Amino acid sequence: MINFRPSETTTATTTSSAVTAEKAFSFISKGWREVKDSTEADLQLMKSRANSFKNLATSFDREFENFLTSASRSTFPVTAITTSSSPSPAEIEFVKKLQPKLTEFRRAYSSPDFSKRVLEKWSPRAKIRIDLSAIKNAIVAEVDEGRNGYRIGGRTRVRDFRWEWKDEDVEKQVGKSWEPIRALKNRLKELEQKSSSSEIIEGLKNSELVEKVKSSLKAICKEPEYSKEVQPLDFQELLACLVRQSGPFLDHLGVKRDISDKIVESLCGKRKNQLLLRSFPTGESSIVEGENINDELDLRIASVLQSTGHHYEGGLWDDLGKRDTSDGKRHVAIVTTASLPWMTGTAVNPLFRAAYLAKSEKQSVTLLVPWLTRTDQELVYPNNITFSSPEEQEVYIRNWLKERVGFNADFKISFYPGKFQKERRSIIPAGDTSQFISSKEADIAILEEPEHLNWYHHGKRWTDKFNHVVGVVHTNYLEYIKREKNGALQAFFVKHINNLVARAYCDKVLRLSAATQDLPKSVICNVHGVNPKFLEIGERMAAEKEAGEQKFSKGAYFLGKMVWAKGYRELIDLLSKQKNDLNGFKLDVYGNGEDAHEVQSTAKSLDLNVNFMKGRDHADDSLHGYKVFINPSVSDVLCTATAEALAMGKFVVCADHPSNDFFRSFPNCLTYKTPEEFVNKIREAMSSDPHPLTPEQKYNLSWEAATQRFMEYSELDKILNTCNGANSESDKVNGIGRKSKSVPNLTSMVDGGLAFAHYCLTGNEFLRQCTGAVPGTRDYNKQHCKDLHLLPPHVENPIYGW
């Protein structure tokens, strides 16, 4: 049985409640003390900010005082205003407009409301204190009520707490001006009084400080360039742009370019002075006065596109994955249609080009040459030379080159599959040639004979894979084709195919002479030099002459591949017609070729005084003693043998033909137009000694000069010096805008359409053979796969990835 003692229980309960109330009060009191400390810290921060504002006002006042003092010191007499250095009325207006602004500023900050608002927020002497006695009394009251038998746990109302401002002077301070505000009011009032004086205005007229302030304000308030709204293109401008960009299409239809230009001029000629006024602010168009209507129309289109924020990269079918040249090392790939030991121009000249481009070490170079199977090698390479592997042929090429240039050329040699075509005596690429240049090195491509490389090209478009593509035209194919059966009809089709290929696959085309077909995007420049060995031979022969030794012990000779198209027809005709005038003249002919038997039999039947011998290198010692080199060919583009003969210090008798324009400046080059002149030039050469070459003439014949001309005319010097394809300052047009690639170009779209059509046509084997392609050249064969270690075509290019 449990005994219950009411008195002891009540006492324990009361004691426990008192302890709990005391702990609660202590906890709440501690919390409010923290709030108090935080509030005082915030008020202290507000006070420091108010002091900062006061200091700022004082600094502002000091700066204004210095400004006025400087203005007063620079005061000039009134008569000085009329001098040439006096400011314009606009400067005086600037000072006059400053006075009412100061008045408004003073009034705004002198109002009582402003002072009251500042004091309410930033008064430094205002301190907030919280009376916590109400909390204590309430808790004690609850304890007392509990002790007296009332319900414990009653609520304490918030309104029982009292928030008191312990500083009784705060209310009085609200109606008064705070010291920083009062000082600012006084200084503004004084400034307003001083600014009304004519003395300030006179001083400001010639003050350098005012000039600086005014220029600064102009710089700040300057209207941004092209800020005015650009009007959209109207119908006439759109039509003029369409006609101009349709030039390639109209050219194929037979419409001459000058007609298109006249249409564009008639559409925009009357509004020539208004084109730029619609695009740029007034007065800026004057800097492009004198430019033609095409440039102004370009600027007009570029400004409209720029105002819309439009940006367009390239045309249709462009490869967005072109190689990024951010590594700073540019890559040049030279692709040619022949290779040593076949001694032809497209085998020798690209090899020298690769060596001298790599010599600068500013870019890495890759030479891509065709690889022939053993059966084709036996048909092409002289002296029964064959190679069992590409590595073996590469060693032969490098040794041959080193013997002639005298330095180790650091460039890469790669091979692509090729097949020899007997009818055209040329090598046709098999498969997609561009795939043998890796994507990482696909930067700049130089296509030696671009029409030849792309007649049956069925693969990736060169301009899509490479950043810049340059074509070098070596051969006058139209002249060769005209000599064949139905040559006129074939030449008609080949001419248009060559135009298509040059337009669709090249960014720039270099023609060695005007003897070649006029192709789109082309310029004429001789970018070939001579083997340094020939210049050394010429120097040695000149030294022997100065030493009194006999320089030339032999007469005249001709050297070239023995096919009718290489000038043998012209040579036999001239010798036969002028046989009587050339009585006693003897000519030695060196060469091998498919037409050798027919050429020799024809000369024998005409009883010509010609001695035929096997072909040999032009630098052979047996040829050094000849004095005159005769070249009657009119099918060459730029005869390499002619340049070599001039480098060796010989006379050259050649036809007055565009292919020989580069050699006319050399005194040892004797040109003729008629058979009678041919006889006279031969007599002149045989009866006199050649002129020694000057240093300038030697340099013009060298590969150093040829490489420099190539870099200039192909624009590679600009491209190789441009990092990441960034636009240089030269891209700007008169400082106004750029002729940018961002402008959609109908020409590029047409070129892309032609390339796509060509791709589709060359993909059909029946159409390829109808146009004269070697059967099976769309893809390489099994022997190529074995020699070059390639995957089979159906594995390399599956049908679903076509």
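1. In helix H19 of this predicted model, the buried residues are Gly487, Ala491, Val494, Asn498, Asn499, Leu500, Val501, Ala502, Arg503, Ala504 and Tyr505. Helix H19 covers residues 487-505, which is 19 residues. From its first C-alpha to its last, H19 reaches 26 Å, close to the 27 Å expected at 1.5 Å a residue.

2. The structure contains 18 salt bridges. One of these pairs is Glu448 with Arg353, where the closest N and O atoms are 2.8 Å apart. Glu448 belongs to strand E7 (residues 444-448) and Arg353 to helix H13 (residues 345-359), so this pair ties together parts that are 95 residues apart in sequence. Glu448 is buried because its relative accessible area is 0%, under the 20% cut-off. Arg353 also counts as buried, at 2% relative accessibility.

3. Arg511 and Asp518 form a salt bridge through their side chains, at 3.4 Å from N to O. Are these two residues buried or exposed? Arg511 is buried, with a relative accessible area of 7%, whereas Asp518 counts as exposed at 58%.

4. Another salt bridge joins the side chains of Lys673 and Asp656, at 3.7 Å from N to O. Lys673 lies in the loop between strand E16 (669-672) and helix H24 (675-686), and Asp656 in the loop between strand E15 (651-655) and E16, so the pair ties together parts that are 17 residues apart in sequence. Lys673 is exposed, with a relative accessible area of 62%, while Asp656 is partly exposed at 29%.

5. Salt bridges also link residues into a network, whose members are Arg425, Lys561, Glu594 and Asp595.

Key:
Residues are numbered from 1 along each chain as its sequence is written. This is a predicted model: local features need pLDDT of at least 70, side-chain atom pairs count only at pLDDT 80 or more; totals for chains, interfaces and linings use all residues. Side-chain values use heavy atoms; hydrogens and water are left out. Helices (H or I, at least four residues) and strands (E, at least two) are DSSP runs, numbered from the N terminus. The expected span of a helix is 1.5 Å times one less than its number of residues. Buried means under 20% relative accessible area, exposed over 50%, partly exposed in between (1.4 Å probe, protein chains only). A salt bridge is a side-chain nitrogen of Lys or Arg within 4 Å of a carboxyl oxygen of Asp or Glu.
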